[in-house]
Amino acid sequence: MGRSVSYPSGAIVAFTVLEVEAEDDWEFEYEWLREDLRERASRAFPSLIPHDAWRGREDRILMRNAYADFGVSVYGGLVAVWIVERDDGAYWDADWRTARSPRAQRWLSQIASRFDALFGDYDCLGHMSNGEGVYTKRAA
């Protein structure tokens, strides 16, 4: 599979696909995906709470905790499920007082392999010169 999808810089990313049979079903399937991701993330990482916002124009935040944003980005059926250190004013104001960033980086590194195993169905093999990614489905 060759496609590309955006996600926040520095994020831990797992890839999957959004399969939509009829174009009219796209909104329904996307909403179902978001709810499924929220449920799985809250079970796996109880500190995450629902948070509906955007990072930029393409990356949707679904949940957040004191350190990280958990979200999803979709392009052409390819889905990037990501978690990344927060990048909002309230977070950096708190970081200035209590140095949250090192703790955030430590927490993210601790959950990285579990995150990928929980949300990833595809591996990114690399990117071509035009920016398109090359992905392969993981063996079951």
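Of the 23 residues in the largest nonpolar core, which touch the most other members? Some notes on that and on what surrounds it.

1. Ground rules. This is a predicted model, where local features need pLDDT of at least 70, side-chain atom pairs count only at pLDDT 80 or more, and totals for chains, interfaces and linings use all residues. Residues are numbered from 1 along each chain as its sequence is written, and side-chain values use heavy atoms, with hydrogens and water left out.

2. The main core. Leu37, Phe45, Phe70, Ile83, Phe115 and Phe119 touch the most other members of the 23-residue core. A nonpolar core here is a set of buried Ala, Val, Leu, Ile, Met, Phe, Trp, Tyr and Cys residues joined through side-chain atoms within 4.5 Å. Two or more residues each come from β2, α1 (26-44), β4 (59-64), β5, β6 and α3 (100-119). Helices (H or I, at least four residues) and strands (E, at least two) are DSSP runs, numbered from the N terminus. A second, separate core has 13 residues, including Val5, Ala11, Phe15 and Tyr122.

3. Phe115 up close. Not counting residues up to four places away in sequence, phenylalanine 115 touches Ile12, Val13, Ala14, Phe45, Phe70, Val81, Trp82, Ile83 and Gly120; contact means heavy atoms within 4.5 Å.

4. Strand β2. Six of the six residues of β2 (residues 12-17) are buried, so the strand is largely enclosed by the rest of the structure. Buried is under 20% relative accessible area, exposed over 50%, and partly exposed in between (1.4 Å probe, protein chains only). Ile12, Ala14 and Thr16 point one way, while Val13, Phe15 and Val17 point the other.

5. Strand pairing. β2 runs antiparallel to β6 (residues 78-85), with six bridges joining them; two strands pair if DSSP finds at least two bridges between them. Valine 13 has tryptophan 82 as its bridge partner, and valine 17 has leucine 78. On β6 itself, eight of eight residues are buried. β6 also pairs with β5 in the antiparallel sense, over eight bridges, and there phenylalanine 70 stands opposite isoleucine 83. The β5-β6 hairpin has two residues between the strands, and glycine 76 takes a positive phi near 55°.

6. Helix packing. α1 and α3 pack at about 145°, their axes 11 Å apart (axes are lines fitted to C-alpha atoms, for helices over the stretch in contact, and angles run from 0 to 180 degrees between N-to-C directions). Leu37, Arg40, Ala41 and Ala44 of α1 meet Arg114, Leu118 and Phe119 of α3.

7. Two buried serines. Serine 73 sits in β5 (residues 68-75) and is buried at 1% relative accessibility. Its side chain reaches the backbone oxygen of serine 6 at 3.2 Å. Serine 101, in helix α3, is buried too, with a relative accessible area of 17%. The side chain of serine 101 makes a polar contact with that of glutamate 85 at 2.7 Å. A polar contact is a pair of N or O atoms within 3.5 Å; within protein, one must be able to donate a hydrogen and the other to accept it, and residues adjacent in sequence count only if both atoms are side-chain atoms.

8. A loop residue. Alanine 66, between β4 and β5, is partly exposed at 35%. Leaving out residues up to four places away in sequence, alanine 66 touches Arg86, Tyr91 and Arg100.
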